[in-house]
Protein chains: 2
Amino acid sequence: MTKQELFNNIKKKKSFLCIGLDTDIKKIPVHFLEEEDPIYAFNVKIIDATAKYCVAYKPNAAFYESMGIKGVIALEKTIEYIRTKYPDQFIILDAKRGDIGNTSEMYAASAFEHLKANAVTVAPYMGEDSVTPFLKYPNKWVILLALTSNKGSNDFQLTADANGERLFEKVLKKSQEWATDEQLMFVVGATQGEMFADIRKYAPSHFLLVPGVGAQGGSLEEVVKYGMNDQCGLLVNSSRAIIYADDSLDFAFAAAEEAKKVQQEMAVYLNRLID
Amino acid sequence: MTKQELFNNIKKKKSFLCIGLDTDIKKIPVHFLEEEDPIYAFNVKIIDATAKYCVAYKPNAAFYESMGIKGVIALEKTIEYIRTKYPDQFIILDAKRGDIGNTSEMYAASAFEHLKANAVTVAPYMGEDSVTPFLKYPNKWVILLALTSNKGSNDFQLTADANGERLFEKVLKKSQEWATDEQLMFVVGATQGEMFADIRKYAPSHFLLVPGVGAQGGSLEEVVKYGMNDQCGLLVNSSRAIIYADDSLDFAFAAAEEAKKVQQEMAVYLNRLID
(Lines give C-alpha, C1' and ligand atoms only; values in the text may rest on other atoms or scores of the structure.)
Protein backbone atom coordinates (compact mmCIF):
# COMPACT_ATOMS: atom_id res chain seq x y z
CA MET A 1 0.00 0.00 0.00
CA THR A 2 1.32 3.47 -0.88
CA LYS A 3 1.21 6.52 1.35
CA GLN A 4 -1.45 8.09 -0.87
CA GLU A 5 -3.62 4.97 -0.72
CA LEU A 6 -3.35 4.96 3.05
CA PHE A 7 -4.37 8.61 3.24
CA ASN A 8 -7.27 7.93 0.87
CA ASN A 9 -8.49 5.15 3.17
CA ILE A 10 -8.20 7.49 6.14
CA LYS A 11 -10.32 10.12 4.39
CA LYS A 12 -12.86 7.57 3.20
CA LYS A 13 -13.35 5.98 6.61
CA LYS A 14 -12.77 9.17 8.59
CA SER A 15 -10.46 7.21 10.83
CA PHE A 16 -6.76 6.85 11.51
CA LEU A 17 -7.33 4.11 14.04
CA CYS A 18 -5.10 1.05 14.12
CA ILE A 19 -6.37 -1.84 16.24
CA GLY A 20 -3.71 -3.86 18.00
CA LEU A 21 -4.39 -7.58 18.01
CA ASP A 22 -2.53 -8.39 21.24
CA THR A 23 -4.62 -11.50 21.62
CA ASP A 24 -4.00 -13.33 24.89
CA ILE A 25 -5.60 -16.69 25.54
CA LYS A 26 -5.96 -15.72 29.21
CA LYS A 27 -8.01 -12.63 28.38
CA ILE A 28 -10.43 -13.69 25.67
CA PRO A 29 -13.99 -14.70 26.61
CA VAL A 30 -13.92 -18.25 27.96
CA HIS A 31 -16.36 -19.66 25.40
CA PHE A 32 -13.59 -19.40 22.78
CA LEU A 33 -11.62 -22.06 24.58
CA GLU A 34 -13.95 -24.63 23.04
CA GLU A 35 -12.87 -23.57 19.56
CA GLU A 36 -10.18 -25.44 17.67
CA ASP A 37 -8.17 -22.22 17.28
CA PRO A 38 -9.45 -19.85 19.99
CA ILE A 39 -7.06 -17.00 19.14
CA TYR A 40 -7.99 -16.95 15.47
CA ALA A 41 -11.71 -17.35 16.21
CA PHE A 42 -11.58 -14.39 18.60
CA ASN A 43 -9.61 -12.28 16.11
CA VAL A 44 -12.13 -12.93 13.33
CA LYS A 45 -14.99 -11.73 15.51
CA ILE A 46 -13.05 -8.64 16.58
CA ILE A 47 -12.03 -7.84 13.01
CA ASP A 48 -15.53 -8.26 11.60
CA ALA A 49 -16.93 -6.05 14.35
CA THR A 50 -14.37 -3.27 14.03
CA ALA A 51 -13.16 -3.16 10.42
CA LYS A 52 -15.40 -0.30 9.41
CA TYR A 53 -13.95 1.93 12.15
CA CYS A 54 -10.24 1.43 11.51
CA VAL A 55 -7.72 1.59 8.68
CA ALA A 56 -5.08 -0.73 10.11
CA TYR A 57 -4.59 -3.83 12.23
CA LYS A 58 -1.46 -4.54 14.19
CA PRO A 59 -0.99 -8.13 15.33
CA ASN A 60 1.68 -8.22 18.03
CA ALA A 61 4.03 -11.12 17.22
CA ALA A 62 4.99 -11.77 20.85
CA PHE A 63 1.48 -12.80 21.85
CA TYR A 64 1.36 -15.43 19.10
CA GLU A 65 4.93 -16.66 19.56
CA SER A 66 4.30 -17.24 23.26
CA MET A 67 1.91 -20.03 22.26
CA GLY A 68 4.39 -21.78 19.98
CA ILE A 69 3.25 -23.43 16.76
CA LYS A 70 -0.44 -22.97 17.52
CA GLY A 71 0.12 -19.25 18.00
CA VAL A 72 2.08 -18.89 14.79
CA ILE A 73 -0.68 -20.68 12.88
CA ALA A 74 -3.23 -18.28 14.40
CA LEU A 75 -1.07 -15.31 13.37
CA GLU A 76 -0.76 -16.52 9.77
CA LYS A 77 -4.48 -17.20 9.51
CA THR A 78 -5.37 -13.85 11.06
CA ILE A 79 -3.25 -11.88 8.59
CA GLU A 80 -4.57 -13.93 5.69
CA TYR A 81 -8.14 -13.28 6.87
CA ILE A 82 -7.61 -9.52 6.97
CA ARG A 83 -5.82 -9.49 3.60
CA THR A 84 -8.54 -11.35 1.77
CA LYS A 85 -11.67 -10.02 3.45
CA TYR A 86 -10.54 -6.43 4.10
CA PRO A 87 -7.85 -5.70 1.48
CA ASP A 88 -7.88 -1.97 2.22
CA GLN A 89 -6.63 -2.54 5.77
CA PHE A 90 -2.98 -1.73 6.38
CA ILE A 91 -1.46 -4.70 8.22
CA ILE A 92 1.41 -4.02 10.60
CA LEU A 93 3.39 -6.92 11.99
CA ASP A 94 4.50 -5.53 15.33
CA ALA A 95 7.68 -7.48 15.91
CA LYS A 96 10.45 -4.96 16.71
CA ARG A 97 12.91 -6.91 14.59
CA GLY A 98 16.44 -5.96 13.52
CA ASP A 99 19.74 -7.82 13.18
CA ILE A 100 22.82 -7.92 10.92
CA GLY A 101 22.06 -7.74 7.20
CA ASN A 102 21.77 -11.39 6.28
CA THR A 103 19.52 -11.98 9.30
CA SER A 104 17.30 -8.95 8.75
CA GLU A 105 16.82 -10.30 5.21
CA MET A 106 15.27 -13.39 6.81
CA TYR A 107 13.02 -11.33 9.07
CA ALA A 108 11.94 -9.29 6.04
CA ALA A 109 11.15 -12.47 4.12
CA SER A 110 9.08 -13.66 7.07
CA ALA A 111 7.09 -10.41 7.38
CA PHE A 112 6.61 -9.58 3.71
CA GLU A 113 6.89 -12.79 1.67
CA HIS A 114 5.56 -15.29 4.11
CA LEU A 115 3.05 -13.36 6.23
CA LYS A 116 2.43 -10.69 3.56
CA ALA A 117 2.08 -7.84 6.05
CA ASN A 118 2.22 -4.27 4.72
CA ALA A 119 4.64 -3.08 7.38
CA VAL A 120 6.88 -4.32 10.17
CA THR A 121 8.15 -2.52 13.24
CA VAL A 122 11.96 -2.44 13.43
CA ALA A 123 14.37 -1.53 16.25
CA PRO A 124 17.12 0.90 15.18
CA TYR A 125 19.94 -0.01 17.60
CA MET A 126 22.01 -1.95 15.05
CA GLY A 127 21.89 0.80 12.41
CA GLU A 128 21.64 1.00 8.64
CA ASP A 129 22.37 -2.54 7.48
CA SER A 130 19.91 -3.93 10.04
CA VAL A 131 17.10 -1.81 8.54
CA THR A 132 17.75 -1.63 4.79
CA PRO A 133 16.94 -5.30 4.01
CA PHE A 134 13.32 -4.51 4.95
CA LEU A 135 13.30 -1.65 2.44
CA LYS A 136 13.93 -3.83 -0.60
CA TYR A 137 10.25 -4.65 -0.91
CA PRO A 138 8.36 -2.06 -3.00
CA ASN A 139 5.36 -0.54 -1.25
CA LYS A 140 6.23 -2.34 1.99
CA TRP A 141 7.00 -0.29 5.06
CA VAL A 142 9.50 -0.12 7.89
CA ILE A 143 8.11 1.44 11.05
CA LEU A 144 11.20 2.34 13.01
CA LEU A 145 11.19 2.82 16.78
CA ALA A 146 11.91 6.46 17.57
CA LEU A 147 10.38 7.52 20.90
CA THR A 148 8.40 4.74 22.53
CA SER A 149 5.47 4.91 24.93
CA ASN A 150 7.01 3.06 27.86
CA LYS A 151 8.87 4.31 30.93
CA GLY A 152 12.13 2.79 29.69
CA SER A 153 12.08 5.19 26.72
CA ASN A 154 13.89 7.55 29.09
CA ASP A 155 16.85 5.24 29.53
CA PHE A 156 18.52 5.70 26.16
CA GLN A 157 16.21 7.40 23.65
CA LEU A 158 16.49 10.82 25.29
CA THR A 159 20.27 10.79 25.69
CA ALA A 160 21.69 13.91 24.06
CA ASP A 161 25.02 14.06 22.27
CA ALA A 162 27.53 16.89 22.66
CA ASN A 163 25.41 19.06 20.31
CA GLY A 164 22.24 18.42 22.29
CA GLU A 165 20.81 16.05 19.70
CA ARG A 166 18.91 13.25 21.37
CA LEU A 167 19.11 9.62 20.27
CA PHE A 168 15.52 9.54 18.94
CA GLU A 169 16.28 12.66 16.87
CA LYS A 170 19.39 10.99 15.50
CA VAL A 171 17.28 7.97 14.55
CA LEU A 172 14.74 10.22 12.81
CA LYS A 173 17.45 12.03 10.83
CA LYS A 174 19.81 9.19 10.03
CA SER A 175 17.10 6.81 8.85
CA GLN A 176 15.92 9.36 6.29
CA GLU A 177 19.19 8.67 4.47
CA TRP A 178 17.93 5.11 3.95
CA ALA A 179 14.34 5.65 2.81
CA THR A 180 11.72 8.25 2.05
CA ASP A 181 8.38 8.82 3.75
CA GLU A 182 6.90 6.47 1.15
CA GLN A 183 8.45 3.49 2.93
CA LEU A 184 9.40 4.70 6.37
CA MET A 185 7.25 5.51 9.39
CA PHE A 186 8.23 6.03 13.01
CA VAL A 187 6.88 4.74 16.30
CA VAL A 188 6.16 7.58 18.70
CA GLY A 189 4.30 6.83 21.91
CA ALA A 190 1.10 8.73 22.65
CA THR A 191 2.38 9.19 26.19
CA GLN A 192 5.04 11.55 24.83
CA GLY A 193 2.58 14.47 24.46
CA GLU A 194 4.38 17.68 23.49
CA MET A 195 7.40 15.72 22.22
CA PHE A 196 5.39 15.28 19.02
CA ALA A 197 6.28 18.86 18.15
CA ASP A 198 9.97 17.91 18.30
CA ILE A 199 9.33 14.81 16.22
CA ARG A 200 7.61 16.89 13.53
CA LYS A 201 10.65 19.16 13.26
CA TYR A 202 12.66 16.23 11.93
CA ALA A 203 9.92 14.20 10.27
CA PRO A 204 7.24 16.65 9.09
CA SER A 205 5.75 14.46 6.39
CA HIS A 206 6.14 10.92 7.75
CA PHE A 207 3.36 8.81 9.10
CA LEU A 208 3.79 8.07 12.79
CA LEU A 209 2.51 4.91 14.41
CA VAL A 210 1.29 5.99 17.81
CA PRO A 211 0.73 3.37 20.50
CA GLY A 212 -0.19 4.26 24.06
CA VAL A 213 -3.68 5.72 23.67
CA GLY A 214 -6.03 3.71 25.88
CA ALA A 215 -4.57 1.28 28.41
CA GLN A 216 -1.23 3.13 28.53
CA GLY A 217 -2.89 6.49 29.21
CA GLY A 218 -1.91 8.69 26.23
CA SER A 219 -4.27 11.45 25.01
CA LEU A 220 -5.59 11.40 21.45
CA GLU A 221 -6.26 15.12 21.59
CA GLU A 222 -2.62 15.93 22.43
CA VAL A 223 -1.32 13.56 19.78
CA VAL A 224 -3.46 15.26 17.14
CA LYS A 225 -2.62 18.74 18.36
CA TYR A 226 1.13 18.24 18.11
CA GLY A 227 1.44 15.36 15.64
CA MET A 228 -1.10 15.66 12.81
CA ASN A 229 0.13 16.91 9.44
CA ASP A 230 -1.69 17.80 6.23
CA GLN A 231 -1.91 14.16 5.15
CA CYS A 232 -3.01 13.14 8.64
CA GLY A 233 0.39 11.49 9.24
CA LEU A 234 -0.90 9.49 12.18
CA LEU A 235 -1.92 5.91 12.77
CA VAL A 236 -3.09 5.82 16.36
CA ASN A 237 -3.14 2.37 17.87
CA SER A 238 -5.36 1.02 20.59
CA SER A 239 -5.14 -2.61 21.62
CA ARG A 240 -6.42 -3.65 25.03
CA ALA A 241 -8.99 -0.86 25.41
CA ILE A 242 -10.78 -2.12 22.29
CA ILE A 243 -10.27 -5.86 22.05
CA TYR A 244 -10.90 -6.45 25.76
CA ALA A 245 -13.62 -3.81 26.16
CA ASP A 246 -15.84 -6.57 27.54
CA ASP A 247 -15.25 -10.22 28.35
CA SER A 248 -18.85 -11.46 28.12
CA LEU A 249 -20.67 -12.75 25.05
CA ASP A 250 -21.09 -9.09 24.09
CA PHE A 251 -17.33 -8.64 23.63
CA ALA A 252 -17.51 -7.99 19.87
CA PHE A 253 -20.29 -5.45 20.24
CA ALA A 254 -18.33 -3.74 23.03
CA ALA A 255 -15.16 -3.70 20.90
CA ALA A 256 -17.10 -2.16 18.01
CA GLU A 257 -18.60 0.47 20.29
CA GLU A 258 -15.19 1.35 21.68
CA ALA A 259 -13.65 1.52 18.20
CA LYS A 260 -16.56 3.63 16.96
CA LYS A 261 -16.12 6.05 19.84
CA VAL A 262 -12.45 6.57 18.95
CA GLN A 263 -13.30 6.79 15.24
CA GLN A 264 -15.91 9.47 15.87
CA GLU A 265 -13.41 11.56 17.78
CA MET A 266 -10.97 11.06 14.91
CA ALA A 267 -13.59 12.12 12.37
CA VAL A 268 -13.85 15.50 14.07
CA TYR A 269 -10.10 16.04 13.85
CA LEU A 270 -10.03 14.89 10.22
CA ASN A 271 -12.89 17.18 9.28
CA ARG A 272 -10.86 20.13 10.56
CA LEU A 273 -7.94 18.92 8.45
CA ILE A 274 -9.95 18.49 5.27
CA ASP A 275 -12.01 21.68 5.63
CA MET B 1 22.50 -22.86 33.79
CA THR B 2 24.53 -20.74 36.22
CA LYS B 3 27.63 -18.76 35.41
CA GLN B 4 29.77 -21.22 37.39
CA GLU B 5 28.28 -24.19 35.53
CA LEU B 6 29.01 -22.51 32.23
CA PHE B 7 32.62 -21.84 33.25
CA ASN B 8 32.95 -25.46 34.42
CA ASN B 9 31.79 -26.66 31.01
CA ILE B 10 34.28 -24.35 29.34
CA LYS B 11 37.13 -25.76 31.42
CA LYS B 12 36.02 -29.34 30.91
CA LYS B 13 35.72 -29.05 27.14
CA LYS B 14 38.57 -26.55 26.73
CA SER B 15 36.28 -24.55 24.52
CA PHE B 16 34.29 -21.35 24.62
CA LEU B 17 32.86 -21.90 21.16
CA CYS B 18 29.22 -21.21 20.41
CA ILE B 19 27.94 -22.58 17.12
CA GLY B 20 25.32 -20.49 15.39
CA LEU B 21 22.57 -22.51 13.78
CA ASP B 22 21.71 -20.03 11.01
CA THR B 23 20.26 -22.85 8.97
CA ASP B 24 19.17 -21.78 5.50
CA ILE B 25 17.33 -24.20 3.24
CA LYS B 26 19.17 -22.67 0.27
CA LYS B 27 22.59 -23.48 1.73
CA ILE B 28 22.30 -26.97 3.18
CA PRO B 29 23.46 -29.97 1.11
CA VAL B 30 20.79 -30.79 -1.46
CA HIS B 31 20.23 -34.37 -0.31
CA PHE B 32 18.46 -33.00 2.79
CA LEU B 33 15.66 -31.68 0.60
CA GLU B 34 14.34 -35.24 0.43
CA GLU B 35 13.87 -35.28 4.22
CA GLU B 36 10.50 -34.50 5.79
CA ASP B 37 12.09 -31.72 7.86
CA PRO B 38 15.34 -30.78 6.07
CA ILE B 39 16.32 -28.01 8.48
CA TYR B 40 15.97 -30.19 11.56
CA ALA B 41 17.69 -33.16 9.89
CA PHE B 42 20.64 -30.96 8.93
CA ASN B 43 20.84 -29.46 12.43
CA VAL B 44 20.90 -32.90 14.07
CA LYS B 45 23.86 -33.96 11.93
CA ILE B 46 25.70 -30.72 12.61
CA ILE B 47 25.03 -30.93 16.36
CA ASP B 48 26.10 -34.55 16.64
CA ALA B 49 29.29 -33.80 14.72
CA THR B 50 30.25 -30.68 16.67
CA ALA B 51 28.89 -31.04 20.23
CA LYS B 52 32.18 -32.14 21.72
CA TYR B 53 33.93 -29.02 20.47
CA CYS B 54 31.51 -26.37 21.72
CA VAL B 55 29.72 -25.29 24.90
CA ALA B 56 26.79 -23.45 23.32
CA TYR B 57 24.45 -23.45 20.34
CA LYS B 58 22.75 -20.35 19.04
CA PRO B 59 19.78 -20.92 16.74
CA ASN B 60 18.98 -17.70 14.92
CA ALA B 61 15.20 -17.19 15.07
CA ALA B 62 15.02 -15.25 11.79
CA PHE B 63 16.15 -18.18 9.68
CA TYR B 64 13.40 -20.39 11.09
CA GLU B 65 10.68 -17.73 11.02
CA SER B 66 11.38 -17.05 7.35
CA MET B 67 10.02 -20.53 6.61
CA GLY B 68 6.78 -20.03 8.53
CA ILE B 69 5.22 -22.87 10.52
CA LYS B 70 7.64 -25.46 9.14
CA GLY B 71 10.57 -23.37 10.29
CA VAL B 72 9.15 -22.82 13.75
CA ILE B 73 8.60 -26.57 14.12
CA ALA B 74 12.22 -27.16 13.10
CA LEU B 75 13.37 -24.59 15.68
CA GLU B 76 11.37 -26.20 18.50
CA LYS B 77 12.62 -29.67 17.60
CA THR B 78 16.22 -28.49 17.32
CA ILE B 79 16.23 -26.91 20.77
CA GLU B 80 14.51 -29.96 22.25
CA TYR B 81 17.11 -32.21 20.63
CA ILE B 82 20.01 -30.25 22.12
CA ARG B 83 18.35 -30.04 25.54
CA THR B 84 17.75 -33.76 25.83
CA LYS B 85 20.82 -35.19 24.12
CA TYR B 86 23.38 -32.58 25.20
CA PRO B 87 22.03 -31.07 28.44
CA ASP B 88 25.32 -29.33 29.22
CA GLN B 89 25.04 -27.15 26.11
CA PHE B 90 24.02 -23.55 26.75
CA ILE B 91 21.22 -22.73 24.30
CA ILE B 92 20.90 -19.17 23.10
CA LEU B 93 17.81 -18.10 21.20
CA ASP B 94 19.18 -15.33 19.01
CA ALA B 95 16.10 -13.22 18.49
CA LYS B 96 17.00 -9.59 19.38
CA ARG B 97 13.64 -9.15 21.09
CA GLY B 98 12.40 -6.25 23.24
CA ASP B 99 9.12 -4.36 23.59
CA ILE B 100 6.97 -2.72 26.28
CA GLY B 101 6.66 -4.74 29.49
CA ASN B 102 3.52 -6.78 28.83
CA THR B 103 4.87 -7.70 25.39
CA SER B 104 8.39 -8.57 26.54
CA GLU B 105 6.68 -10.88 29.05
CA MET B 106 5.25 -12.77 26.09
CA TYR B 107 8.62 -12.95 24.34
CA ALA B 108 10.17 -14.22 27.58
CA ALA B 109 7.47 -16.88 27.87
CA SER B 110 8.20 -17.92 24.29
CA ALA B 111 11.97 -18.18 24.83
CA PHE B 112 12.04 -19.68 28.30
CA GLU B 113 8.75 -21.51 28.95
CA HIS B 114 7.91 -22.65 25.49
CA LEU B 115 11.28 -23.16 23.77
CA LYS B 116 13.20 -23.66 27.03
CA ALA B 117 16.33 -21.86 25.84
CA ASN B 118 18.93 -20.85 28.45
CA ALA B 119 19.31 -17.34 27.08
CA VAL B 120 17.80 -14.89 24.66
CA THR B 121 19.38 -11.92 22.89
CA VAL B 122 17.57 -8.64 23.64
CA ALA B 123 17.77 -5.17 22.03
CA PRO B 124 18.18 -2.33 24.58
CA TYR B 125 16.58 0.59 22.72
CA MET B 126 13.32 0.55 24.72
CA GLY B 127 15.07 0.51 28.11
CA GLU B 128 14.47 -1.07 31.49
CA ASP B 129 10.88 -2.30 31.33
CA SER B 130 11.55 -3.91 27.95
CA VAL B 131 14.37 -5.99 29.44
CA THR B 132 13.33 -6.84 33.01
CA PRO B 133 10.50 -9.27 32.09
CA PHE B 134 13.19 -11.60 30.72
CA LEU B 135 15.01 -11.47 34.07
CA LYS B 136 12.18 -12.98 36.08
CA TYR B 137 13.26 -16.49 35.18
CA PRO B 138 15.89 -17.85 37.61
CA ASN B 139 19.07 -19.08 35.93
CA LYS B 140 17.89 -17.81 32.55
CA TRP B 141 19.93 -15.16 30.79
CA VAL B 142 19.47 -11.93 28.92
CA ILE B 143 22.19 -11.25 26.37
CA LEU B 144 21.85 -7.55 25.70
CA LEU B 145 23.11 -5.91 22.52
CA ALA B 146 25.98 -3.56 23.37
CA LEU B 147 28.42 -3.12 20.48
CA THR B 148 27.47 -5.24 17.50
CA SER B 149 29.64 -6.68 14.74
CA ASN B 150 28.00 -5.00 11.76
CA LYS B 151 28.80 -1.78 9.94
CA GLY B 152 25.62 -0.14 11.21
CA SER B 153 26.94 -0.38 14.77
CA ASN B 154 28.56 2.99 13.99
CA ASP B 155 25.25 4.70 13.37
CA PHE B 156 24.01 4.97 16.97
CA GLN B 157 26.01 2.75 19.33
CA LEU B 158 29.11 4.96 19.24
CA THR B 159 27.28 8.25 19.76
CA ALA B 160 28.77 10.03 22.74
CA ASP B 161 26.81 12.18 25.19
CA ALA B 162 28.02 15.53 26.51
CA ASN B 163 30.34 13.72 28.95
CA GLY B 164 31.87 11.59 26.22
CA GLU B 165 30.00 8.46 27.26
CA ARG B 166 29.01 6.43 24.24
CA LEU B 167 25.63 4.72 23.88
CA PHE B 168 27.05 1.20 24.19
CA GLU B 169 28.79 2.25 27.43
CA LYS B 170 25.52 3.65 28.73
CA VAL B 171 23.85 0.33 27.92
CA LEU B 172 26.59 -1.57 29.76
CA LYS B 173 26.28 0.64 32.84
CA LYS B 174 22.53 1.17 33.00
CA SER B 175 21.65 -2.49 32.51
CA GLN B 176 23.76 -3.46 35.51
CA GLU B 177 21.13 -1.70 37.62
CA TRP B 178 18.67 -4.36 36.42
CA ALA B 179 20.65 -7.58 36.80
CA THR B 180 23.97 -9.03 37.89
CA ASP B 181 26.51 -10.94 35.83
CA GLU B 182 24.67 -14.10 36.88
CA GLN B 183 21.83 -13.29 34.49
CA LEU B 184 23.18 -10.69 32.12
CA MET B 185 25.64 -11.00 29.24
CA PHE B 186 26.42 -8.58 26.44
CA VAL B 187 26.79 -8.93 22.70
CA VAL B 188 30.08 -7.48 21.50
CA GLY B 189 31.13 -8.08 17.90
CA ALA B 190 34.50 -9.71 17.23
CA THR B 191 35.05 -7.09 14.55
CA GLN B 192 35.37 -4.48 17.31
CA GLY B 193 38.98 -5.50 18.21
CA GLU B 194 40.50 -3.13 20.72
CA MET B 195 37.07 -1.89 21.80
CA PHE B 196 36.95 -4.97 24.01
CA ALA B 197 39.28 -3.16 26.39
CA ASP B 198 36.68 -0.38 26.72
CA ILE B 199 33.94 -2.95 27.24
CA ARG B 200 35.90 -4.61 30.04
CA LYS B 201 36.20 -1.28 31.88
CA TYR B 202 32.45 -1.29 32.39
CA ALA B 203 31.75 -5.02 32.44
CA PRO B 204 34.85 -6.73 33.83
CA SER B 205 33.13 -9.88 35.05
CA HIS B 206 30.33 -10.43 32.54
CA PHE B 207 30.26 -13.05 29.88
CA LEU B 208 30.30 -11.56 26.40
CA LEU B 209 28.68 -13.24 23.43
CA VAL B 210 30.99 -12.52 20.53
CA PRO B 211 29.71 -12.97 16.99
CA GLY B 212 31.74 -12.00 13.97
CA VAL B 213 34.62 -14.50 14.04
CA GLY B 214 34.62 -16.39 10.75
CA ALA B 215 32.45 -15.14 7.89
CA GLN B 216 32.35 -11.59 9.29
CA GLY B 217 36.15 -11.38 9.60
CA GLY B 218 36.82 -10.85 13.34
CA SER B 219 40.01 -12.20 14.94
CA LEU B 220 39.80 -14.71 17.79
CA GLU B 221 43.27 -13.75 18.96
CA GLU B 222 42.31 -10.08 19.38
CA VAL B 223 39.06 -10.95 21.12
CA VAL B 224 40.94 -13.08 23.64
CA LYS B 225 43.71 -10.54 24.11
CA TYR B 226 41.35 -7.71 24.99
CA GLY B 227 38.24 -9.55 26.15
CA MET B 228 39.10 -12.64 28.20
CA ASN B 229 38.72 -12.43 31.98
CA ASP B 230 39.62 -14.85 34.78
CA GLN B 231 36.46 -16.89 34.26
CA CYS B 232 36.97 -16.82 30.50
CA GLY B 233 34.05 -14.43 30.11
CA LEU B 234 33.70 -15.15 26.41
CA LEU B 235 31.37 -17.18 24.25
CA VAL B 236 32.70 -16.80 20.74
CA ASN B 237 30.20 -17.61 18.05
CA SER B 238 30.82 -18.94 14.59
CA SER B 239 27.92 -19.78 12.30
CA ARG B 240 28.48 -19.92 8.56
CA ALA B 241 32.19 -20.82 8.71
CA ILE B 242 31.31 -24.02 10.59
CA ILE B 243 27.88 -25.17 9.46
CA TYR B 244 28.56 -24.48 5.79
CA ALA B 245 32.21 -25.54 5.82
CA ASP B 246 31.36 -27.96 3.00
CA ASP B 247 28.21 -28.59 1.00
CA SER B 248 28.93 -32.15 -0.12
CA LEU B 249 28.06 -35.38 1.68
CA ASP B 250 31.09 -34.68 3.88
CA PHE B 251 29.48 -31.53 5.33
CA ALA B 252 29.25 -32.89 8.90
CA PHE B 253 32.84 -34.06 8.90
CA ALA B 254 33.94 -30.68 7.56
CA ALA B 255 31.88 -28.85 10.20
CA ALA B 256 33.46 -30.98 12.92
CA GLU B 257 36.95 -30.30 11.56
CA GLU B 258 36.30 -26.58 11.46
CA ALA B 259 34.84 -26.56 15.00
CA LYS B 260 37.77 -28.65 16.24
CA LYS B 261 40.24 -26.21 14.70
CA VAL B 262 38.63 -23.30 16.57
CA GLN B 263 38.39 -25.35 19.77
CA GLN B 264 42.06 -26.24 19.65
CA GLU B 265 43.01 -22.59 19.32
CA MET B 266 40.70 -21.83 22.25
CA ALA B 267 42.31 -24.61 24.33
CA VAL B 268 45.65 -22.84 24.05
CA TYR B 269 44.17 -19.58 25.32
CA LEU B 270 42.33 -21.37 28.14
CA ASN B 271 45.45 -23.24 29.22
CA ARG B 272 47.20 -19.90 29.68
CA LEU B 273 44.24 -18.73 31.76
CA ILE B 274 44.15 -21.81 33.98
CA ASP B 275 47.93 -22.17 34.43
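Which residues does Ile143(B) touch, not counting residues up to four places away in sequence? Select Ile143(B) and you'll find Ile92(B), Ala119(B), Val120(B), Thr121(B), Val122(B), Met185(B), Phe186(B), Val187(B) and Leu209(B); contact here puts C-beta atoms, placed from the backbone, within 7 Å.

Before moving on: this is a predicted model, where local features need pLDDT of at least 70 and side-chain atom pairs count only at pLDDT 80 or more, while totals for chains, interfaces and linings use all residues. Residues are numbered from 1 along each chain as its sequence is written, with chains lettered from A and ligands numbered from 1 in the order in which they are written.

Now show chain A's strands (DSSP E runs of at least two residues). Eight of them, β1-β2-β3-β4-β5-β6-β7-β8, close into a parallel barrel; strands pair when DSSP finds at least two bridges between them. Zoom in on β5(A) (141-147) and β6(A) (184-188), joined by 5 bridges; Val142(A) has Leu184(A) as its bridge partner.

Finally, colour the contact between the chains: 49 residues from chain B and 49 residues from chain A. On chain B's side, α5(B) gives the most, 7 residues; helices are DSSP H or I runs of at least four residues.

Key:
Two residues are in contact if their C-beta atoms, placed from the backbone, lie within 7 Å.
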